[in-house]
Every structure is written in structure tokens, then in C-alpha cells.
Amino acid sequence: MDDGDGMRLNDHRPTAETAAFAPQALAVADHLRTQFPEAAVSLGPAASDFSAPGDFWAAGSAGLEAGLAYQDFFGVGMTDRIRAAHLIAFYSRQLSVVLGAFHLGAGLQAEVAGIRFEDWTRLHRGVEIAGKRYHFRLHPPAKERQGGEGASAFEQGFIAHLAPVVAVLKARAGLSSGAQWRLAADALAGAFLEIGRAIGDEARGMAEALAIVKRPGSRLYSEELCYEQIAALDPASGAQLSRQYRIRCGCCLYFKTEGGSFCDTCVLLEPEDRRARLAAHLMQNGGT
């Protein structure tokens, strides 16, 4: 853990619930709450208001149906297949952020003990927006792992957790397993890029993601998924701007909703169109 602005060790005072967790794990949890509040995390045995992953994602469960219904928040005229595409992308993103932060920030393998789908209010340009997020209750992470062993362990744990989710969404909504795993790979690669930025090592975040999504035989394998550096001139200052973007291999099907369009990193866009969109995004946001 570094001493800069990324995830680092603080002066922690473990409670009875968190006594089994290493200081590194407590530090990661703290930083997740401040840097990635869209994915909630807490440590210790799952309380009564949390459900075990298998129960939460069981066919016909309240968790499954609530997650599907919530996707209507993001678009009009969604079918069950589009809801499923959005849900697997939405859930995989939050799962990737939480598990990835422990992996990249402390070399720890975290495991989900319980899940809760909860109300959450976020600030967007000074305005409060009501929404929902997943809250993950974690078992004490396993011992520290390094290098290829850590990447392999992360991949195995991530796939094992998501496999039942993919299966139930396929049965419930008819979205193919392949389409879902592509969206999950996109979520992982995007989260690792952002976590890499947060810990001050963007290159490592990308390298670790690519070691997973480019491994032949993996359910997360993709030829199309990649990172691309986009450069542009700041129209206000004339300064050169540059930023890495995750280029997707899956499609969330948003363009099929009423008034929907392609995402700026969509796999269905022509490369030059995508680069122009991302350059405009880069200039609009001043390089961030």
C-alpha cells in the first residue's frame, strides 16, 4: 500500500466484527467507501438483512427480480433481455470494484458472505439522485497472494461467484451466457483501470485485467476487449490531454431502448467514430 493519494494503511481500531481482518483489508474497505461509494462493502459475518449469494440469486428470488426491475431506471422500453444485459453489467461492475480493490490494493482474495440491494443517494453535479447499489458483506480475505498466483485466484473466485448469476439470468430472461460473460469481462477491465488510477498504478491495473481477459480458455476471454489511449487538445488552454479508456467487447443493448444510443466505448461502433466520441469526452471533462 502506498503513502500517496491511493489506497493506503491507516490507523485502524478493529471492532469485534472486524478483528479477524488484517489491517490491509480494513484499509481497503475504508478507501472503497470513499473512492467507490457506488459499491458498498462491510466486513464480518452476514447479518440478517443480508442474503447468502446462492439465496440472493436463486430463481424467482426477490433479489433477482428487484435487480431486473431496477434497470428500468436507466432506459425506457426495456425488454427482459435488455434488463438482463444491464443487470449483469451493473452487478459485475460493483463486484469487480469491491473484489478488485482487495486484489490490487492489498494482494488479498476476498469472498462474498452476503449481499443486500439497498437504496443509495449520490451527488451528480451538485444534485442528489436517488438510486440503488449492491452492498457486499465479506468473509475475512485469504492470505496475501502475489503475481500470477493472485491473478489466477482472483479469476477463479470471480467466475465462481458470477456463474450462478449468469445461469439464472439466462433462464429468466433468455440472454445468452456468452453475451453475459463478455459484459462481465468489460466490467472487470473497466474496474481494474479505475482501481489502478486510485492506487497510482494504472499500468498495473490494466496489465492484471488483461492477464485474465486474454487468457485462452477463460470464460472471460475476449479478442476485442482492450485499452486505448486517447489524446486531444484542451480547447480552453491548448494543453495536450491524454487518457486510457477501456474498449468494450460486449453490448448492453441500450441502443435498443426507446431513444437509446450507442455507448462511447461500444464494440459496435466503428473505431474512428469511437475515437472521436472519446476525444470529445476527454475535452469536455478536461482530461479526467
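Buried residues are those under 20% relative accessible area, and this cut-off applies to the close-up views of the predicted model described in the legends below.

**View 1. Arg83 is a buried residue of helix H4.** Arg83 is found in helix H4, and with a relative accessible area of 17% it falls under the 20% limit and therefore counts as buried. When residues up to four places away in sequence are not counted, Arg83 touches Leu68, Gln71, Asp72 and Met78. One of these, Leu68, belongs to H3 and takes part in the meeting of H3 with H4, which is the topic of the next view.

**View 2. Helices H3 and H4 cross at roughly 105°.** The axes of helix H3, residues 62-70, and helix H4, residues 80-106, come within 8 Å of each other. Angles of 65 to 115 degrees count as roughly perpendicular, and the two helices are therefore described as roughly perpendicular to each other. On the H3 side the meeting residues are Leu64, Gly67, Leu68 and Tyr70, and on the H4 side they are Arg83, Ala84, Leu87 and Phe90. By residue class, this contact of H3 with H4 divides into 6 nonpolar, 1 polar and 1 charged.

**View 3. Strands S1, S3 and S2 form an open sheet with mixed pairing.** The order of the 3 strands in this sheet is S1-S3-S2, and the edge strands, each of which pairs on one side only, are S1 (40-43) and S2 (111-124). From one strand to the next, the twist averages 25°. Strand S1 and strand S3, the latter comprising residues 127-139, run parallel and are joined by 4 bridges, and Ala40 stands opposite His135 in S3.

**View 4. Strands S2 and S3 pair as an antiparallel hairpin.** The pairing of S2 with S3 extends over 13 bridges in the antiparallel sense, and in S3 the bridge partner of Glu111 is His139. Between the strands of this hairpin there are 2 residues, and Arg125 takes a positive phi near 55°.

**View 5. His161 is a buried residue of helix H5.** The place of His161 is in helix H5, which spans residues 147-173, and its relative accessibility of 13% means that it counts as buried. Leaving aside neighbours within four places in sequence, His161 is in contact with Pro53, Tyr91, Leu95, Val112 and Ile115. Glu111, the bridge partner of His139 in S3, lies 50 residues from His161 in sequence, while the C-alpha atoms of Glu111 and His161 are 8.7 Å apart in space.

**View 6. Strands S4 and S5 form a hairpin with 6 residues between the strands.** Strand S4, residues 226-233, and strand S5, residues 240-247, pair in the antiparallel sense over 8 bridges. Within this pairing, the bridge partner of Ala232 is Leu241 in S5. In the hairpin of S4 and S5, Gly238 takes a positive phi near 80°.

**Overview. The secondary structure of the chain comes to 8 helices and 5 strands.** Of the 288 residues in the chain, 49% count as buried, and among contacts with a separation of 6 or more, 64% are accounted for by residues 24 or more positions apart. The accessible surface of the chain comes to about 13,300 Å², with 52% of that area belonging to carbon and sulfur atoms.

How values were computed
Residues numbered from 1 in each chain as written. Predicted model: local features only at pLDDT ≥ 70, side-chain atom pairs only at ≥ 80, totals over all residues. Heavy atoms only, no water. Axes fitted to C-alpha atoms, helices over the stretch in contact; angles between N-to-C directions. Parallel < 35°, antiparallel > 145°, perpendicular 65-115°, else oblique. Contact = heavy atoms within 4.5 Å. Nonpolar A, V, L, I, M, F, W, Y, C, P; charged D, E, K, R; others polar. Buried < 20%, exposed > 50% of the residue type's maximum accessible area, 1.4 Å probe, protein only. Areas by Shrake-Rupley, 256 points an atom, 1.4 Å probe, with all protein chains shown as cover. Pairing = 2+ DSSP bridges.
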